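Work through the exercises below with the model open. Each task is followed by its solution.

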Amino acid sequence: SFTERVSQFLKSGRSIVKEVGFDAASIIPEQVEKFVDLDGLRAHVRLTLQGHSLIVRIKCSVRQEHERKRRLQGMEVSSIEIDLNLLTDAQINDQAVFAHAVLDDPHNRAWIRSMKGEALISRARAELKTEAARLNTEWQQAEDERIAAAPTVEAQPDVQQQEYLDALVLH
């Protein structure tokens, strides 16, 4: 699955938020390629369906792979990491448990880059920008009306202030 919160700040100091995302789905790829070389970066699997590719990286150790992730994020293709780091030797050797971890477990997956998710975020940002412009205009109109309705301060001092000023001048 993929979820992301997109927000837009308003002139009033508030912000508006929209959640975007999609649920996990099982697919039957048209093509499966193992150990694919992507400009010097090895992907464990590339799945292709209807002209769209998904790069799969399998994480087997706690070692951080920042450079690999950064390079995958720079590619114009969706990519996901399946983290098998926490599996015990017994789980790895149990074919059913291992197959579930690799093929079905939604809790060990993390998007590196989702092209569909990015499109949803882009659309949400455009919608929020339009909504923010409308809300900012309404807020500005209300502010202008509030300021116009506020009592105006006269340039002349009131009677008590004038008496005080006159007394100061006499001393």
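**Exercise 1. Which residues form the largest nonpolar core, and which elements supply them?**

Solution. The largest nonpolar core has 12 residues: Phe2, Val6, Leu10, Ile16, Val20, Phe22, Leu120, Ile121, Ala124, Leu128, Ala132 and Leu135. At least two residues each come from β1 (2-9), β2 (15-22) and α4 (115-149). The most come from α4, which gives six. A nonpolar core here is a set of buried Ala, Val, Leu, Ile, Met, Phe, Trp, Tyr and Cys residues joined through side-chain atoms within 4.5 Å. Buried means under 20% relative accessible area (1.4 Å probe, protein chains only). Helices (H or I, at least four residues) and strands (E, at least two) are DSSP runs, numbered from the N terminus.

The model is predicted: local features need pLDDT of at least 70, side-chain atom pairs count only at pLDDT 80 or more, and totals for chains, interfaces and linings use all residues. Residues are numbered from 1 along each chain as its sequence is written, and side-chain values use heavy atoms, leaving out hydrogens and water.

**Exercise 2. Find what Ile121 touches, not counting residues up to four places away in sequence.**

Solution. Ile121 contacts (heavy atoms within 4.5 Å) Phe2, Glu4, Val6 and Val20. A second, separate core has 10 residues, among them Ile58, Leu84, Leu87 and Ala101.

Notes. Buried means under 20% relative accessible area, exposed over 50%, partly exposed in between (1.4 Å probe, protein chains only).
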